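This report looks at charged side chains that pair with one another. The structure comes first, followed by the pairs.

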Amino acid sequence: MKKAAPLHIFTLLFLALARPSIAQQEKPDSLITNELQPVTITAYRLETKDISTPLSITRIGEKLLQTGMQQLALDEALTNVPGVFVQNGTNFAQDIRISIRGFGARSAFGIRGVKILVDGFPESTPDGTAQVDAVDPGSLTGLSVIRSGTGGLYGNASGGYVNFTTTKFQEKAWGEMSSMIGSYGFHRSQIRMGGSKGKKFLYSLNGSTIATDGYRDHSAMRNSLLNGGFLMPIDSSLSIRGVVTYANSPQAQDPGGINEEQVEDDRKSANNSAERYDAGEKLWQLRLGIGLTKTFSKQHTFKTSFFQTNRSFSSKLINDMVKLERSFTGGSFSYAFKTKHRNINWNITTGIDLENQIDDRKRFQNDNGEQGDQYNYQTESFGAIGVFIIQKLDLGRHFSFLPAIRYDAVKIGVNDKSPNSLPENDLNDNYQSLNPSIGFSMMLVPGFHIFTNFGRNFETPTLLEISQSLNMRLKPQKSKSLEIGYKIDIAGGKMRLEPTIFRIKLKDEIVYTQDSPSNLLYDNVGKSTRIGLEVILAGQLSKRIYANINYTYSDFETIENGVYGRSKTPGIPNHMAGMMVQFSGNKGMTITYGNNVIGYIPIDYDSGIRTSPYVNGYLRASHKFHFNAFNMELSGGINNLYNKKYNTNIRINSNRPYEPAPSLNYYFGLKIMF
C-alpha cells in the first residue's frame with residue numbers, strides 16, 4: 001500500500017496547479033492546429049477528438065519529421081515523446097529498440113511489447129516482435145504514439161502503440177530528389193513523388209538508398225528501400241487503399257557490446273569476437289497490403305484489410321549462424337455504428353483480427369565468419385485471433401466514456417526437424433486472454449479535460465524467446481495499468497499541456513540474461529511495479545516559433561524475483577527531459593535546436609551498476625530557395641552537439657553491456673522539389 005502514496009500526491013498536485021491557470025478560460029473549445037495534436041484521431045479504432053480521448057496520445061506531423069533531419073534511423077523521429085525511450089540507433093544489425101513505459105526494454109534486439117503499425121498495417125508479428133528496418137525515415141508523413149495500455153484494442157504486445165505513416169496522397173502532382181552526406185561515410189539518396197490520375201487514382205512513391213561506415217569498427221550498413229501506395233475513391237461511399245514496402249539490406253555489421261575497460265581504451269573498438277565471427281545480418285522484406293472502406297450511411301461503416309509479409313533474414317552471431325524464412329499473413333474486419341439521441345452520442349466498433357506467422361529457422365556453426373555444419377532446424381508457427389468491441393459514449397459536451405474489451409486466442413507450435421531430435425523438443429501450446437479497458441474523460445471548463453483509464457494487458461513469449469532459450473515453459477506476462485491525467489489547451493489551442501501519472505503492476509514479467517549474442521536465457525520473474533510521471537508542453541509559442549518541452553520520471557522495479565531479489569528495472573532511465581525549439585523565418589530559413597537529458601540507467605538486475613547521466617544536444621538548419629520551375633532546399637545539422645561520451649545502447653544483463661555513441665558529427669543535404 002505504501003507505493004500508492006505517490007499516485008495520490010501527484011494527482012493532488014496536478015489539480016492544484018491546473019485549476020488556477022484554467023479557471024478564467026471561458027472561450028469555446030478550439031481546434032488544435034499544431035503538428036503535435038490533431039483534432040481527430042483514429043488510433044482508438046474509431047474516430048474521436050483527441051482532447052476528449054482518455055488515453056495518452058502523441059501525434060507528430062510531416063513538417064517536424066521532414067525539416068532538417070538526417071533521417072538515418074527512426075530514433076530521431078521519437079526523440080520528444082515523453083514515456084518513450086529509444087536505443088540502438090547506430091547498430092543496424094540489432095535495429096532500434098523502442099520502449100514505452102518500460103515495455104520493450106527487455107528486447108535483445110528489435111522491438112518487443114509495443115504494437116508497431118506502418119500505414120495502418122501491422123509490422124509487429126502476432127508473437128509480439130517487430131523490426132522497423134523496412135521503414136524509411138525519409139518517407140514519414142506522420143506518426144502516432146499511444147503510451148497507455150492497449151490490450152483491449154490490439155491484443156498481444158500491447159504496452160503501447162506506434163503507427164508510422166509513409167504515404168502522401170494529394171491530387172496535385174509533386175516530386176522531390178535529395179542527397180545527403182555526413183560523418184563516418186554517411187550517404188543518403190532519395191526520390192519521392194505523388195499525384196493523381198483523373199481524381200480517381202491517387203498514388204505516392206518513395207525510393208532511397210542509405211549507407212554508412214559507422215562510428216565504431218565493424219559497424220557499416222547498406223540499405224535500399226522502396227515504399228508506396230495508392231488510394232482509389234470509387235465513389236462517395238467506397239474507397240480502396242493499397243500499400244507496398246520492399247527493403248533490401250545486404251550489409252549490417254554488428255560491432256557488439258564492450259566492457260568498461262574497452263570503452264575507456266577505445267570507444268570506437270568492436271567486440272573482438274564480433275569481428276572474428278563477422279557478426280551482422282542481411283535481409284530482404286516485401287509487404288503488400290490492401291484495405292477497403294464502405295460507408296453504407298452516416299450510421300454504418302464497414303472496413304476490411306488484408307496483408308502479406310515475406311522476410312528472408314540471415315544473421316551471424318558468435319559461434320552461431322541463423323537463417324530465417326518468414327511468412328506473415330493477416331486480415332481484419334470491422335463494423336462501425338454511430339447514432340445520436342438528444343445529447344447522447346454513441347459510437348461502437350466491433351471486429352476481428354486474424355494473423356498467422358510461420359518461421360523456418362535453421363542454425364549453423366559459425367566457423368570464423370563462414371557457414372559451418374547445420375546443427376538445428378525447426379519450423380515455428382504462431383496463429384492468433386482477436387475479437388474486439390470498442391465503444392464511445394458522449395453524454396453532452398462534458399462527459400465521455402470509452403469502454404473496450406478484447407478476447408485473444410493464440411496457438412504456438414515448434415516442430416524440431418533436426419537429426420536425432422527428441423519429442424520433448426517439440427511444442428504445441430495455447431494461450432487465451434480476455435482484456436477489458438475503461439476510460440473516462442470529463443471537461444471541467446472549455447479547453448480543460450481530465451481523464452483516467454484502466455486496462456489489462458498481456459504479452460506472450462515470442463518464438464525467438466522460446467526457440468533460443470529452449471524454455472518451453474515460459475508464461476505470458478500480464479499487467480494492469482491505471483493512469484490519470486489532463487489535457488489543457490492554451491492560447492486558443494495553439495499549445496497543449498498534458499501531465500499524466502500512471503501505475504502498472506506486472507505478473508510473470510519475462511526477462512533475460514545474456515552471456516553472448518547467441519546465449520540468451522529467458523525466465524519469468526515474480527512481480528514488478530512501475531510508477532511514472534509524464535509531462536509535455538508543445539505547440540506554437542508564436543507564429544514562427546514551435547516548442548516542445550517534455551519530462552518523464554520512471555520508478556520501475558522488480559519486487560518478487562527469485563533469481564535477483566528486489567531491484568530496479570534495467571535498461572530504463574529514471575529521468576528523461578527534452579527541449580526542442582524550431583524557428584521558421586519568413587524567407588525560407590528554419591533553425592531547430594534541442595537537448596535531451598537522460599538520467600542513470602541500471603544495466604542489470606543484481607550488480608547495482610548503472611550508467612552516468614548525460615545531455616545530448618543537436619542543431620539543425622534548412623533554407624528553401626524558390627525558383628520558377630522548382631524549389632531547392634539546403635539543410636544540415638550537428639548531432640551530439642556538446643561532444644558528450646555516452647552509450648547509444650545498453651545490453652542489459654550482459655557482461656559486455658556498452659555500445660558507445662558517436663562523438664560530435666555532422667551532415668549536409670540538398671533537395672530539389674517540383
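Which residues are linked in a network of salt bridges?

## The network

Five names answer this: E62, K168, E176, R192 and K671 are joined through salt bridges into a network. The model in which they are found is predicted, not experimental. Across the whole structure, a search returns 31 salt bridges. Three further pairs are described below.

## Two buried pairs

D394 and K392 form a salt bridge, and their closest N and O atoms lie 2.3 Å apart. Both partners, D394 and K392, are buried.

R651 is bridged to E659, with 2.7 Å between the closest N and O atoms. Here too R651 and E659 are each buried.

## A pair between two strands

The side chains of D555 and K568 also meet in a salt bridge, at 2.7 Å from N to O. This pair links distant parts of the chain: D555 belongs to strand 30 (residues 545-560) and K568 to strand 31 (residues 567-568), with the two partners 13 residues apart.

Is D555 buried or exposed? D555 has 12% relative accessibility, so it counts as buried, because the cut-off for buried is under 20%. K568 has 36% relative accessibility and therefore counts as partly exposed, a class that lies between the 20% limit for buried and the 50% limit for exposed.

Methods
Residues numbered from 1 in each chain as written. Predicted model: local features only at pLDDT ≥ 70, side-chain atom pairs only at ≥ 80, totals over all residues. Heavy atoms only, no water. Salt bridge = Lys/Arg side-chain N within 4 Å of Asp/Glu carboxyl O. Buried < 20%, exposed > 50% of the residue type's maximum accessible area, 1.4 Å probe, protein only. Helix = DSSP H or I, 4+ residues; strand = E, 2+ residues; numbered from the N terminus.
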